[in-house]
Protein chains: 6
Amino acid sequence: MKIMVINPNSSEEMTRQIEQVLSQIKRPETELTVVRVEEAPPAIESDTDIAQAVPGVLRLVRRANAEGYDAVILACFSDPGLSAAREVSEILVLGIEESSLHVAAMLGHKFTVLTPLPQRVPKKEREIKALGLGETLASVRPLGLTVTETEAEPERTKARVLEVSRKAIEEDGAEVLVLGCAGMTGYSEDIEKSLGVIVIDPTSITLKVAEGMVEAGLKHSKRALYRTPEAPVDQKEDHK
Amino acid sequence: MKIMVINPNSSEEMTRQIEQVLSQIKRPETELTVVRVEEAPPAIESDTDIAQAVPGVLRLVRRANAEGYDAVILACFSDPGLSAAREVSEILVLGIEESSLHVAAMLGHKFTVLTPLPQRVPKKEREIKALGLGETLASVRPLGLTVTETEAEPERTKARVLEVSRKAIEEDGAEVLVLGCAGMTGYSEDIEKSLGVIVIDPTSITLKVAEGMVEAGLKHSKRALYRTPEAPVDQKEDHK
Amino acid sequence: MKIMVINPNSSEEMTRQIEQVLSQIKRPETELTVVRVEEAPPAIESDTDIAQAVPGVLRLVRRANAEGYDAVILACFSDPGLSAAREVSEILVLGIEESSLHVAAMLGHKFTVLTPLPQRVPKKEREIKALGLGETLASVRPLGLTVTETEAEPERTKARVLEVSRKAIEEDGAEVLVLGCAGMTGYSEDIEKSLGVIVIDPTSITLKVAEGMVEAGLKHSKRALYRTPEAPVDQKEDHK
Amino acid sequence: MKIMVINPNSSEEMTRQIEQVLSQIKRPETELTVVRVEEAPPAIESDTDIAQAVPGVLRLVRRANAEGYDAVILACFSDPGLSAAREVSEILVLGIEESSLHVAAMLGHKFTVLTPLPQRVPKKEREIKALGLGETLASVRPLGLTVTETEAEPERTKARVLEVSRKAIEEDGAEVLVLGCAGMTGYSEDIEKSLGVIVIDPTSITLKVAEGMVEAGLKHSKRALYRTPEAPVDQKEDHK
Amino acid sequence: MKIMVINPNSSEEMTRQIEQVLSQIKRPETELTVVRVEEAPPAIESDTDIAQAVPGVLRLVRRANAEGYDAVILACFSDPGLSAAREVSEILVLGIEESSLHVAAMLGHKFTVLTPLPQRVPKKEREIKALGLGETLASVRPLGLTVTETEAEPERTKARVLEVSRKAIEEDGAEVLVLGCAGMTGYSEDIEKSLGVIVIDPTSITLKVAEGMVEAGLKHSKRALYRTPEAPVDQKEDHK
Amino acid sequence: MKIMVINPNSSEEMTRQIEQVLSQIKRPETELTVVRVEEAPPAIESDTDIAQAVPGVLRLVRRANAEGYDAVILACFSDPGLSAAREVSEILVLGIEESSLHVAAMLGHKFTVLTPLPQRVPKKEREIKALGLGETLASVRPLGLTVTETEAEPERTKARVLEVSRKAIEEDGAEVLVLGCAGMTGYSEDIEKSLGVIVIDPTSITLKVAEGMVEAGLKHSKRALYRTPEAPVDQKEDHK
């Protein structure tokens with residue numbers, strides 16, 4: 001099974017980190033390719049960043065289709081370009097936000113999503129409601145750190161995650177925590193032990209969901225929401 | 001990895017059928033045990049049937065915990081006793097309704113659940129809303145067959161599934177179909193080809209989700225909703 | 001009019017207490033029989049307890065039908081087995097949670113439910129939403145006492161109820177309070193005076209609703225959700 | 001127990017009809033006074049009609065408070081002026097729409113409301129959602145008759161009710177029918193027999209709910225939503 | 001373009017204030033007539049007040065239709081009689097609550113409504129949900145001042161508005177503030193500067209929306225919800 | 001007042017058409033500039049098209065800010081890039097979908113959106129729910145025509161619009177129709193006459209809303225959801 005993991009930003013460091021975490025948890029027979037979007041910003045922290053990253057994401061999704069991959073994972077917790085990616089793809093495309101939140105919804109009464117910046121909380125809340133998961137959302141809580149800072153300062157990040165998680169559990173009734181930024185990848189086990197709740201690392205569980213769906217022969221429906229655009233490719237491509 | 005699959009009814013035939021389907025899709029290293037609830041009705045078609053089956057389900061879940069299993073799957077599309085099972089279990093317990101519907105919600109705009117009997121449609125709609133998935137539900141459509149009939153008459157069942165599925169797609173906008181009865185296990189591939197939509201066999205995908213969650217080290221939170229009952233076991237057990 | 005009140009646990013003390021409160025409020029012509037489920041746990045504090053109590057509840061509901069009762073009341077604020085009870089019953093079956101919450105929703109902007117244990121808050125919230133009453137729910141607030149403690153220590157219970165009620169009113173905007181445990185039966189009048197809000201004793205109001213429905217000739221619809229199970233009784237009964 | 005039933009329109013015929021139906025179902029000890037709003041339109045068929053009726057309704061509610069009544073019932077299926085009536089009343093005020101729909105929600109999966117005119121369907125749907133009961137609403141179905149016609153032509157009305165009810169059951173999944181107009185009072189028993197579902201006569205069941213609430217000592221909370229207006233009465237009264 | 005602005009209470013002072021604010025913001029070609037309801041209470045602070053004001057509101061709306069106005073604005077933040085006013089009007093009728101809240105919903109994640117009295121918070125929350133805008137509501141926060149006080153003590157009102165607004169922003173996540181009382185008209189600019197958020201003066205923006213809708217040829221649909229009542233006018237009028 | 005209208009596709013014909021319609025309805029003092037996104041596809045019919053158009057939209061929004069415009073309108077009924085556009089803009093940005101649907105929600109019970117292609121119905125439904133307007137949506141109905149066809153064949157388009165509108169009114173209860181494609185611009189008046197309901201041309205009403213908001217001094221809140229991205233501009237710009 002060949003799975004392409006797309007890091008939608010241009011950070012080489014974060015790309016390496018994702019690869020390292022996933023290599024430890026992937027099944028032996030899974031061939032993993034982790035790529036980044038070179039023309040994207042170094043971190044995805046706004047809808048403007050997303051707009052800049054999506055064309056590159058789509059180019060990589062098309063490549064994965066052309067090169068015989070079985071599935072694609074978008075490894076950024078805002079699923080940038082997920083709908084468009086599914087439109088242009090015949091193979092399964094999963095986003096780590098959508099996938100991990102559906103898993104979170106199964107494992108307890110309500111979940112809290114930890115997100116880097118306070119100003120992104122409204123967007124995150126809207127995304128979760130748009131996924132149809134508003135009823136199992138306890139809260140979105142910001143760390144008050146930029147994505148870059150979460151990468152650069154692991155100890156400070158971990159301490160903040162612990163502090164914010166405690167509030168989510170005690171004040172919002174969270175039973176499951178979701179580490180809502182690829183930059184937090186790898187802390188879940190430590191935190192779970194300290195706090196006695198379930199902590200989900202979105203990238204890791206999405207890899208497992210992808211492996212399972214491929215084995216079960218499942219992919220997204222191409223009927224309407226994700227139908228392949230009908231307009232002739234050449235007509236549209238010449239505008240690029 | 002050791003997984004116990006509990007068929008909550010007493011039908012030996014359905015138990016065999018589940019085992020056969022899952023054996024083909026399980027990973028080589030997964031050890032699968034499929035058991036039935038001997039004192040349960042031969043089919044689960046009412047809340048009265050569920051009430052009769054649950055005590056036996058809990059006994060088997062306790063046994064799975066005692067015998068070193070990694071996960072338990074309840075293989076009946078009403079997840080009978082799922083909450084109580086998670087209360088008494090330290091290992092992951094998944095229900096095929098909850099698990100497959102979260103997967104269905106990821107793969108298209110809306111899903112339709114096929115269910116055997118028309119009188120169970122209201123209950124099914126309530127279960128799906130209670131799971132927090134009402135917004136991605138297209139419809140629940142009955143086959144007009146008893147669970148026993150779906151087992152006994154595979155050709156008639158398949159024909160009805162095709163007919164009802166077509167209506168779900170054209171009239172309700174379904175992009176994903178969920179075969180909401182363990183008795184339909186095994187038809188999904190055929191139907192998918194005929195109708196060009198995604199068809200989910202709940203038991204199969206739940207096995208894959210379970211394998212993935214165990215590998216990712218995830219299970220249900222024991223914090224509140226599924227907390228182990230606090231009353232002294234001996235005090236309560238002596239009523240049995 | 002003959003009404004059977006089922007205390008779904010095995011506590012003789014709580015059964016006596018329910019009988020005493022209801023005797024004072026019932027109409028002269030109402031014949032009241034209060035029974036307990038002998039094989040149930042002494043208190044219902046988890047879904048595991050509910051699973052253990054329900055078969056006995058159903059046996060008593062069948063008896064009420066056979067012995068010419070006009071209605072049955074399930075006197076535990078989690079309505080254990082209500083759906084199944086209505087399936088097997090031709091006479092009206094009311095649960096004190098469902099009935100009292102619909103009354104609460106009529107009497108003010110939002111209601112708060114007081115519940116014994118903090119770990120049951122998530123379950124209670126889910127039940128209330130499943131009843132379709134999520135929009136009129138202000139909050140579920142735990143006393144931090146076991147059901148047994150609410151029975152055993154009336155003064156401490158009353159003091160806690162007052163304290164928690166005050167928070168519900170001031171912080172959650174509750175205009176109506178519902179004493180969400182049969183063990184609190186009998187305190188509502190005192191508390192109402194102290195706090196100047198409406199306090200509902202679920203068992204009492206459910207008796208009045210039952211008397212009124214019987215006089216109006218109403219009972220639950222047997223069309224689908226509560227349809228009598230179709231499978232032959234003898235086939236299923238022999239598993240018991 | 002003294003209960004005042006206010007017919008918010010000026011029709012003497014409908015007032016008599018309400019009195020006749022309620023006299024047969026009231027408890028022997030209940031003293032019933034049925035009054036009409038003389039300055040109101042002969043039927044309430046628009047929000048303009050409601051605006052014209054409400055001042056008279058409030059005058060009667062104040063009279064019921066002054067004359068020692070125990071409860072007031074507004075006997076028009078749009079609960080005209082219910083909020084204001086509760087503001088000016090220290091005794092229980094019930095509206096037949098709110099009360100009967102909460103009862104309907106308890107007795108089956110979903111209910112359908114029959115209403116006289118097609119153009120009032122949107123308003124009715126909005127009222128039911130505003131009561132927080134949108135989740136248990138199957139549909140609002142119009143008879144295509146004016147309120148006056150439902151009074152004047154009982155046979156035609158009954159035939160239409162049967163026809164529309166059948167559609168509600170078969171097409172909308174209704175398990176309970178609510179006769180949403182005081183002018184239909186008295187048909188429920190006949191219709192119930194023909195269609196095998198539960199039919200609710202709002203005025204009748206509201207009388208039983210009122211009797212039960214008075215006996216249980218319940219009334220609406222005066223805390224905020226229905227608080228007595230604080231402005232000095234004389235200052236405001238002199239505008240009348 | 002001729003626009004009639006109805007102040008639904010009888011306060012001459014507030015009527016003058018509304019006229020003054022709107023004169024500064026209206027387009028040169030707009031002819032503005034601001035009128036009050038003489039028989040209404042001096043302030044609208046309860047549903048009882050609304051019931052008293054509505055007949056006069058309808059009389060003025062009819063006058064506006066007869067005298068060739070292009071639109072009517074109800075300038076009280078509870079839209080008293082809006083539905084009935086639209087029934088009796090062939091020209092556009094806008095309420096300042098409905099109009100300003102739809103604008104607020106467009107300009108940020110969530111809005112907070114400031115309202116004079118704490119006991120009106122539940123009513124306000126219900127009105128906003130009934131408008132279908134519950135999802136974009138951050139909170140309703142009371143100033144703890146009567147409408148009359150907000151008129152009489154502008155400095156105290158402004159200070160309270162600032163204090164309460166700060167809490168709405170920090171604790172409820174409000175991005176837009178709506179000054180939910182005509183008596184606050186005129187403070188929005190000052191407050192916006194102090195707090196760095198968007199502040200909406202409902203009367204002002206509703207005038208601009210009305211001017212725009214008239215130019216675009218839009219008014220409310222007369223199809224069903226706001227259909228002109230069918231009963232003969234003379235029959236009904238003679239009750240007045 | 002200077003307003004830039006961005007046609008997010010590259011069609012010169014559609015750009016001219018938008019300009020023509022808006023010129024007739026704009027106020028005399030409004031300076032209107034209608035521009036197209038040259039590198040975008042000729043029509044926006046998929047999320048892939050949107051991804052291709054958004055970078056150009058953002059470039060034009062930045063230009064409008066730099067050149068002293070008062071407001072920007074995105075003239076495509078999927079509001080492509082609206083969030084990002086508001087992030088990068090200090091001046092008001094309106095999308096014709098969001099603006100026209102809030103107006104539609106004010107003018108009747110429920111609205112229907114007409115959209116060109118059947119496969120886009122699910123996306124449209126999701127957008128409307130994400131705007132928080134799901135409760136006032138009657139339906140989304142497809143014309144079964146491509147955007148290009150709606151431009152090229154005005155008579156066929158108008159006939160289809162009439163046919164589909166009639167179904168929306170009779171079967172879905174729509175009281176307001178929204179012409180959900182810039183390509184339908186200009187038909188609303190004719191259709192309104194034929195069907196007796198309110199028809200909204202999104203581009204026209206959005207221009208009027210924009211003019212009114214600019215006059216009232218309103219724009220989107222920059223507090224969180226639309227906060228200007230914090231990352232250094234130079235660092236990000238060099239990827240373009």
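This section describes the interface between chain D and chain C and the symmetry relating chain D to chain F.

The model is predicted, so that local features need pLDDT of at least 70 and side-chain atom pairs count only at pLDDT 80 or more, whereas totals for chains, interfaces and linings use all residues. Residues are numbered from 1 along each chain as its sequence is written, chains are lettered from A in the order in which they are written, and side-chain values use heavy atoms, with hydrogens and water left out.

In the interface, 43 residues of chain D are in contact with 44 residues of chain C (heavy atoms within 4.5 Å). The two chains bury about 3,400 Å² between them, 64% of it on carbon and sulfur atoms; this buried area is the accessible area (1.4 Å probe) lost on putting the two parts together, summed over both. On the chain D side, Met106(D), Leu107(D) and Arg223(D) lose the most area to chain C, together 20% of what that side buries.

Four salt bridges are counted between chain D and chain C (a side-chain nitrogen of Lys or Arg within 4 Å of a carboxyl oxygen of Asp or Glu). A salt bridge joins the side chains of Lys208(C) and Glu215(D), at 2.3 Å from N to O.

Chain D can be laid on chain F with an RMSD of 0.0 Å by a turn of 120° and a shift of 0.0 Å along the axis, the superposition being by least squares on the C-alpha atoms of residues with pLDDT of at least 70 in both copies. That is the relation of a three-fold axis. In chain D, the C-alpha nearest the axis belongs to Glu135(D), 7.2 Å from it.
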